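How do labels get attached to a protein model? Let us check a few against their definitions.

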Amino acid sequence: MNDQLNDFYLSKPEPHKSCLLALRSIILGQDEEVSETTKYGMPCFCYKEKMFCYLWTDKKSGLPYLLMVEGEHLNHPKLEEGSRKRMKVFYVNPEADLPIDDIQSILQKALNLYRNGVVQAK
């Protein structure tokens with residue numbers, strides 16, 4: 001993990017820090033082709049060097065969330081579109097148990113967009 005990523009995670013107060021680190025671990029564990037970098041000052045996860053999701057915290061609510069780059073292709077009842085056209089958001093309550101099944105389902109659906117050629121990976 002580079003210094004910028006390390007600072008991002010370690011600068012967060014608990015329970016946000018633990019929640020974001022757990023989400024990071026879940027994302028990286030989905031496929032050996034998933035890697036982590038920094039884009040726009042936030043952790044960005046790529047599949048074969050193609051961005052597929054970000055981790056961030058909402059400025060108003062403070063809730064951590066997954067930002068799914070190709071959200072327009074993803075259908076899941078807990079993904080929120082909001083005012084975005086392409087991306088969708090999955091909010092996570094850092095004070096509750098992580099909804100692992102929902103998170104893994106969303107991540108696998110997103111990765112399958114690349115694996116199946118719906119979205120071109122490098």
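**Labels and cut-offs**

Q: What makes the pair aspartate 102 and lysine 78 a salt bridge?
A: Their side chains meet at 2.8 Å, N to O. A salt bridge needs a side-chain nitrogen of Lys or Arg within 4 Å of a carboxyl oxygen of Asp or Glu, so this pair qualifies. Aspartate 102 is in helix H3 and lysine 78 in the loop between S4 and S5, 24 residues apart. Helices (H or I, at least four residues) and strands (E, at least two) are DSSP runs, numbered from the N terminus.

The model is predicted: local features need pLDDT of at least 70 and side-chain atom pairs 80 or more, while totals for chains, interfaces and linings use all residues. Residues are numbered from 1 along each chain as its sequence is written, and side-chain values use heavy atoms, without hydrogens and water.

Q: Why is aspartate 102 called buried?
A: Its relative accessible area is 18%. Buried means under 20%, exposed over 50%, partly exposed in between (1.4 Å probe, protein chains only). Therefore aspartate 102 is buried.

Q: Why is lysine 78 called partly exposed?
A: Lysine 78 has a relative accessible area of 45%, so it falls in the in-between class.

Q: How do you know that lysine 88 has no salt bridge?
A: The nearest side chain of opposite charge, glutamate 81, is 4.6 Å away. Lys and Arg count as positive, Asp and Glu as negative; His and the chain ends are not counted.

Q: Why is H1 called oblique to H2?
A: The helices pack at about 135 degrees. Angles run from 0 to 180 degrees between N-to-C directions, with axes fitted to C-alpha atoms, over the stretch in contact. Under 35 degrees is roughly parallel, over 145 roughly antiparallel, 65 to 115 roughly perpendicular, and the rest oblique. So H1 is oblique to H2.
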